[in-house]
Amino acid sequence: MTDFNAMINALVSCDRDKSIELVNAALADGIPVGDILNQGLIAGMDIVGDKMENGDMFIPEVLMAAKAMGECVTILKPLMSEDEGARGGNVIIGTVKGDLHDIGKNLVGMMMESAGMTVHNLGVDIAPEDFVAQIKEKDAQIVCLSALLTTTMPMMKQTIDAIVEADLRDQVKIMVGGAPVTQAFADEIGADGFASDAGSAAKLGKTLSA
Ligand code: B1M
């Protein structure tokens, strides 16, 4: 039987091999990918965050835990549900300028891909002008902005402003997300949508691109 506490503990202890072993064991037990993510890996990263905040874990350890999580997510990626429908929606996704967090953004990208969208993952620390350039280059219909820091949330507004200034606002739907982001903030900065997690981001992306 799958023990999510063991998975959480492995991640919090930055034990890459154990984390991978437990994810593989959970898959062999037939545990759904969503449960492994939410009850195991994301729950573990939440504890890592609390420990980081309290000074019980330091950046190098947090990075090790994040790397272990990234490898586990890579194992899960091919198993995320495939959508049978036609590919719809050309998406660009990136973490805004000044922000280096990418695990959640990558998960969102993977879920959108699994839902049938074509996703161009731009990476982290993406400046407003680079989003603008990529909208043109990739002919994007959806732009997803991720921010994990309260200090980088204003960069989402600056990115939207740059898209407006480039006269591209009518061509794209803009979605925002990340732990500190809320629907109220999304409304305030003029985004078209907010999603609190990767699954709802994929659903929203499909709705917006319909
Ligand atoms: Co950072 N960090 N970090 N960190 N870090 C947080 C975010 C923090 C909450 C930790 C804490 O103090 N409790 C805190 C932010 C406080 C705040 O602003 N309110 C914090 C801080 C302070 C910092 C530094 C400033 C620390 C320092 O240097 N003193 C620094 C900043 C660096 C920078 O970005 N410029 C920093 C650095 C780092 C690491 C590099 C060490 C590492 C990142 C490694 C990496 O990403 N490759 C790191 C990590 C790992 C975290 C925590 C522990 C985990 C984040 C994570 O990956 N969660 C985090 C604490 C926490 O969140 N509990 C923390 C798992 C992930 C699956 O969830 O990213 O929320 P999440 O994504 C979710 C949803 O938010 C949503 O869907 C995802 C999946 O369900 N979502 C979207 C995300 N993006 C979306 C986009 C969308 C839609 C939905 O578009 C439409």
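**Ligand shell and selected residues in a predicted model**

Thr150 is placed in the loop between strand 3 and helix 7. The model is predicted, so local features need pLDDT of at least 70 and side-chain atom pairs count only at pLDDT 80 or more, while totals for chains, interfaces and linings use all residues. Residues are numbered from 1 along each chain as its sequence is written, and side-chain values use heavy atoms, with hydrogens and water left out. Helices (H or I, at least four residues) and strands (E, at least two) are DSSP runs, numbered from the N terminus.

Thr150 counts as exposed because its relative accessibility is 60%. The classes are buried (under 20% relative accessible area), exposed (over 50%) and partly exposed (in between), with a 1.4 Å probe and protein chains only. Thr150 and Met80 lie 70 residues apart in sequence. In space, 30 Å separate the two, C-alpha to C-alpha.

Thr150 is also among the closest residues to the ligand, together with Leu100, His101, Asp102 and Ser146. In total, 35 residues surround the ligand. A residue is counted as near a molecule if one of its heavy atoms lies within 4 Å of it. By type, the shell holds 21 nonpolar, nine polar and five charged residues. Here Ala, Val, Leu, Ile, Met, Phe, Trp, Tyr, Cys and Pro count as nonpolar, Asp, Glu, Lys and Arg as charged, and the others, Gly among them, as polar.

An N or O atom in the side chain of Ser146 is 2.7 Å from a ligand nitrogen atom. For His101, the side-chain N or O atom lies 2.8 Å from a nitrogen atom of the ligand. The value for the side chain of Asp102 is 2.8 Å, again to a ligand nitrogen. A polar contact is a pair of N or O atoms within 3.5 Å; within protein, one must be able to donate a hydrogen and the other to accept it, and residues adjacent in sequence count only if both atoms are side-chain atoms.

Several elements build the shell. Helix 3 (33–54), helix 4 (59–76), helix 5 (103–114), strand 3 (142–146) and strand 4 (173–177) each supply at least two residues. Helix 3 gives the most, with seven. The domain assignment, automatic or from a database, gives domain 1 (4–84) and domain 2 (86–209). Each of the two domains contributes at least three residues to the shell. The domain centres, taken over C-alpha atoms, are 24 Å apart.

Two loop residues make polar contacts within the protein. Thr152 is found in the loop between strand 3 and helix 7. Thr152 is buried because its relative accessible area is 5%. Its side chain makes a polar contact with the side chain of Asp99, at 2.7 Å. Arg169 lies in the loop between helix 7 (153–165) and strand 4. With 18% relative accessibility, Arg169 therefore counts as buried. The Arg169 side chain reaches the backbone oxygen of Gly190 at 3.0 Å.

Backbone angles complete the account. Most residues other than glycine have a negative phi. Asp125 is not a glycine, yet has a positive phi of about 60°. Asp125 lies in strand 2 (residues 118–126). At 40% relative accessibility, Asp125 counts as partly exposed. Asp139, not a glycine either, has a positive phi of about 50°. Asp139 is found in the loop between helix 6 (128–138) and strand 3.
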